[in-house]
Amino acid sequence: NIMKYIKFFIVCLFFINCKAQTIVNITDYQLTEDSSNKYFKDLDNNYSNFVGTWEYTNSGITFRLILWKKQNVKIDMVDDIHYMDILEAKFQIVQNANLPNEIIKHDSVKFYPQNGSTSDTILTGFNINSNLCMGTFTDNCANGGNGIIDGSCGLKKLSTDTIRFTLKKIGKLLPTETFSVPTDCILTKVN
């Protein structure tokens with residue numbers, strides 16, 4: 001009989017300590033508000049406007065940006081743990097894109113032997129509204145393929161098959177630094 005009371009007590013403690021996660025539309029996300037125990041979800045499916053493979057070609061060189069949605073990602077800030085749907089991406093710089101002699105000049109997916117890790121994501125963004133996403137972008141192929149430049153980026157939907165991509169370095173771009181990707185271009189959806 002005492003075991004029944006112990007089990008009941010443990011179950012009660014479990015329910016008292018559980019905190020429900022509140023689902024909030026991603027478009028209502030505000031950095032200045034307390035967002036503890038909230039899940040900022042893409043309720044309106046706005047990320048579908050951006051998910052896919054996008055390309056911009058200039059002088060035979062193509063910037064290929066591959067975007068996907070990642071759901072329920074834990075965001076662990078100092079006094080605030082919350083979850084949100086985000087956009088992630090990788091990129092390639094390609095010569096003779098979509099031709100039999102296609103050459104990938106730069107690929108953001110890289111293996112770093114010094115720490116045994118692979119970079120599989122260079123863009124992390126979130127939805128502002130159905131036509132605009134903002135986020136961070138790491139050009140890990142900068143300076144001719146050997147450098148890293150961190151920036152802020154924007155994706156603006158122009159039509160069902162075009163988006164504008166903008167990129168700016170966080171801080172001042174030094175004279176010796178060059179992005180491997182365009183900093184302002186119109187991308188066309190190819191897949």
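**Ground rules**

I worked from a predicted model, where local features need pLDDT of at least 70, side-chain atom pairs count only at pLDDT 80 or more, and totals for chains, interfaces and linings use all residues. Residues are numbered from 1 along each chain as its sequence is written, and side-chain values use heavy atoms, with hydrogens and water left out.

**Entry 1: Lys 69**

I looked up where Lys 69 sits. I found Lys 69 in strand E4, residues 61-77. Strands (E, at least two residues) and helices (H or I, at least four) are DSSP runs, numbered from the N terminus.

The cut-offs are under 20% relative accessible area for buried, over 50% for exposed, and partly exposed in between, with a 1.4 Å probe and protein chains only.

Next I listed the contacts of Lys 69, where contact means heavy atoms within 4.5 Å. I set aside neighbours within four places in sequence; Lys 69 then contacts Asp 42, Asn 45, Tyr 47, Val 51, Asp 85, Ile 86 and Leu 87. I also checked Ile 86 by C-alpha atoms. Lys 69 and Ile 86 are 17 residues apart along the chain, and their C-alpha atoms are separated by 5.9 Å.

**Entry 2: the Asp 42 pair**

I then asked which residue forms a salt bridge with Lys 69. The partner is Asp 42, with the closest N and O atoms 3.2 Å apart. The pair links distant parts of the chain, 27 residues apart: Asp 42 is in the loop between strand E2 (38-41) and strand E3 (52-58), and Lys 69 is in strand E4. A salt bridge here is a side-chain nitrogen of Lys or Arg within 4 Å of a carboxyl oxygen of Asp or Glu. Side chains of opposite charge can pair when their charged atoms come close.

I noted the burial of Asp 42 too. Asp 42 counts as buried, at 5% relative accessibility.

**Entry 3: other salt bridges**

How many salt bridges does the structure hold? I count six.

Glu 102 and Arg 64 form one of them, at 3.2 Å, N to O. Glu 102 lies in the loop between strand E5 (80-95) and strand E6 (103-107) and Arg 64 in strand E4, so this pair ties together parts 38 residues apart in sequence. Glu 102 is partly exposed at 30% relative accessibility. Arg 64 is buried at 9%. Salt bridges that share partners join Glu 55, Arg 64 and Glu 102 into one network.

I also logged Lys 169 and Glu 177, whose side chains meet in a salt bridge of 2.8 Å, N to O. Both Lys 169 and Glu 177 are buried.

**Entry 4: positive phi**

Most residues other than glycine have a negative phi. I noted two residues with a positive value.

Ser 59 has phi near 55°. Ser 59 lies in the loop between E3 and E4. Ser 59 counts as exposed, at 71% relative accessibility.

Asn 98 has phi near 65°. I placed Asn 98 in the loop between E5 and E6. Asn 98 is exposed as well, at 56%.

**Entry 5: Ser 108**

Last, I looked up Ser 108, in the loop between E6 and strand E7 (110-112). Ser 108 is buried, with a relative accessible area of 1%. Not counting residues up to four places away in sequence, Ser 108 touches Lys 90, Phe 91, Ser 119, Ile 122, Asn 140 and Cys 141.
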